[in-house]
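Visitor: Could you take me closely through the place where the two chains meet, and then through the chain on one side of it?

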Amino acid sequence: MAERILMKGNEALAEAAIRAGCRHFFGYPITPQTEISAYMAKKMPKVGGLYLQAESEVAAINMVLGAASAGVRTMTSSSSPGISLKTEGISYIAGSDLPCVIIDIQRGGPGLGGIQPSQADYWQATKATGHGDFQLLVFAPSTVQEMANTVFDAFELAEKYRMPAMIFADGMLGQMMEPVTFPEREPEISEKPWAADGHKGQRTHNIINSLYLQPQDLERLVRERFERYDVIKKTEVRYDEFMTEDADILLVAYGATARIVKSAVVEARSKGIKAGLLRPITLWPFPSEAIAAAAANTKAILCVEMSMGQMVDDVRLAVGGKQVDFFGRTGGIIPTPAEVLAQIEELARR
Amino acid sequence: MATVFQKPSTLTDAKLHYCPGCTHGIIHRLVAEAIESLGIDGITVGVAPVGCSVMAYDYFTCDMVQAPHGRAPAVATGLKRARPENIVFTYQGDGDLAAIGTAETVHSATRGENITIIFVNNAIYGMTGGQMAPTTLPGQVTQTTPYGRDTSIAGFPVRVCEMLSTLDGVEYAERVSVDTVPNINNAARAIKKAFQNQIDKKGFSIVEVVSTCPTNWGLTPVEALGWLRENMLPYYPLGVYKDRSAGKETK
């Protein structure tokens with residue numbers, strides 16, 4: 001049987017990436033994700049891989065662009081302010097149809113913000129991770145185990161759809177220690193005939209590029225990309241449901257917040273309130289249909305986030321005009337189960 | 001009939017988009033000749049910048065990657081670290097390499113990345129229509145220094161080879177020009193050496209090519225070459241600034 005190891009979320013992400021076949025990691029220090037770099041620096045040389053500390057987040061994402069162009073499995077990680085710096089490169093990576101994995105261990109913002117956990121970058125991750133018409137695959141794990149599992153999926157789907165994938169967690173998940181069992185899973189690394197790895201006289205040159213000066217060409221390519229996005233929206237949506245079947249009050253939360261909400265749901269049930277939780281695991285593609293279905297017969301919908309309310313926009317779009325209430329803490333403050341329970345009780349009284 | 005002159009096999013048949021008299025065409029040819037004569041086309045990956053030479057990816061027959069503005073050395077780092085058996089070069093202008101990409105340039109150099117950089121210095125942003133570059137000379141008129149570059153406002157030009165030659169990671173830094181036939185021949189030698197250094201795993205090599213931009217300088221091609229000799233070469237002296245293997249550390 002596979003070994004159960006007590007690990008920090010950040011370290012589990014790094015170990016899983018190595019097990020998933022990533023041998024090229026480009027990092028830059030920023031709290032609260034630095035353990036990923038430290039782990040990579042320690043382990044990569046032992047598996048014939050590369051940990052390289054870039055001069056900035058900007059350089060790190062462009063090193064990822066280069067390594068992805070060469071056709072290898074590559075990753076970078078950062079936290080909120082650093083992701084802002086990476087958005088230029090992420091846009092070019094998306095526009096060049098390159099696969100890679102980007103980790104965002106969110107902290108409070110805006111600006112330098114704080115170093116405590118936050119979910120205030122949902123809009124950035126799902127709507128505007130750089131300029132132009134494009135999307136990232138965005139995975140929101142809620143346990144250290146799920147962090148590890150998701151890395152494999154993120155690499156495989158990034159390669160399948162030739163697009164960047166983000167693992168979108170927060171300082172709490174990154175820093176907490178939990179037992180983790182690494183999936184016994186051989187990485188499926190696909191052929192990359194498009195890579196810029198030297199034509200060896202066997203083919204015409206490959207060009208990795210995001211520039212199309214003819215608007216017709218650019219529109220055609222963006223439309224082709226969005227056709228892929230449509231496939232992803234149909235086939236790659238992931239979510240988890242807890243006690244939603246008979247729920248009167250539907251809660252929607254992701255990541256670490258979903259665990260707090262789950263405790264509140266259990267507490268509410270013990271008080272006779274029929275609460276349930278839908279936890280999006282993919283934030284893009286967003287589980288809109290699942291949320292609409294779960295909300296079909298509920299009396300109230302409550303979205304809980306560590307922000308002033310960002311995912312709640314997508315929940316409102318999903319349920320088409322029904323009232324959606326919101327509860328959030330921000331700036332690095334983690335909502336307590338008691339606070340969430342109080343919100344549920346208030347909705348039950350309504 | 002005997003062929004006495006032809007373009008290198010390492011340039012595609014695409015027509016260059018450069019303005020008449022622009023020296024990019026000569027420099028492209030020198031790079032292509034180096035790749036051809038070293039027999040490395042099949043293992044070479046070039047990185048195109050943002051600026052006039054952005055479409056370099058259409059002109060070279062080797063694999064090509066187009067980088068964000070200034071980031072070519074970081075992209076080249078990723079390419080080379082992923083596949084050290086490949087020969088990786090960047091082709092960058094002054095705005096790209098010495099302004100927005102200064103950090104990437106300096107740090108790829110100080111890491112001693114085993115890559116080759118072809119740096120085209122024409123003292124102006126060409127693609128956007130002739131704005132002040134980091135290498136624009138004091139007093140030089142551009143669209144954004146319409147009264148001449150005033151160093152009390154806009155500061156001083158960057159001498160890239162001099163700056164990089166102070167870094168331990170740099171193997172080779174040479175400044176050349178393509179204003180005369182002898183200088184073109186010398187530039188060809190330097191560019192080939194910069195690729196040979198990479199083949200020999202010697203590390204970071206940069207060739208700065210002092211160049212002209214007749215269109216944005218507002219001069220004819222011949223006048224531009226004269227302006228280069230009178231104004232740029234005194235500020236940017238030609239020569240080898242560092243050749244570590246030859247024991248030459250700084251000029």
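Guide: The bridge partner of A:Ile208 is B:Val65, a residue of strand S2 of chain B. Strand S9 of chain A (residues 207-208) and S2(B) are joined by 2 bridges and run parallel, and two strands pair if DSSP finds at least two bridges between them. Helices and strands here are DSSP runs numbered from the N terminus, a helix (H or I) having at least four residues and a strand (E) at least two.

The model is a predicted one, in which local features need pLDDT of at least 70 and side-chain atom pairs count only at pLDDT 80 or more, while totals for chains, interfaces and linings use all residues. Residues are numbered from 1 along each chain as its sequence is written, and chains are lettered from A, and ligands numbered from 1, in the order in which they are written.

Beyond the bridges, 28 residues of chain B are in contact with 33 residues of chain A, two residues being in contact if their C-beta atoms, placed from the backbone, lie within 7 Å. On the side of chain B that touches chain A, the elements that give two or more residues are strand S1 (44-48), strand S2 (63-66), helix H2 (72-82) and helix H4 (102-110) of chain B. H2(B) gives the most to this side, with 8 residues. By class, the side of chain B that touches chain A has 15 nonpolar, 8 polar and 5 charged residues, where Ala, Val, Leu, Ile, Met, Phe, Trp, Tyr, Cys and Pro count as nonpolar, Asp, Glu, Lys and Arg as charged, and the others, Gly among them, as polar.

Chain B as a whole has 9 helices and 7 strands. Its radius of gyration, taken over C-alpha atoms, is 17 Å, close to the 18 Å that the globule rule (2.2 Å times the number of residues to the power 0.38) gives for 251 residues, so chain B is as compact as a globular protein of that length. Along the principal axes, the C-alpha atoms of chain B fill a box of roughly 50 × 50 × 30 Å. Buried residues make up 56% of the 251 residues in chain B, a residue being buried if 20 or more other C-beta atoms, placed from the backbone, lie within 10 Å of its own, exposed if 12 or fewer do, and partly exposed in between. Of the contacts in chain B with a separation of 6 or more, 66% are between residues 24 or more positions apart.

On the chain A side, A:Lys200 is found in the loop between strand S8 (177-181) and S9, and this residue counts as exposed, with 10 C-beta neighbours inside 10 Å.
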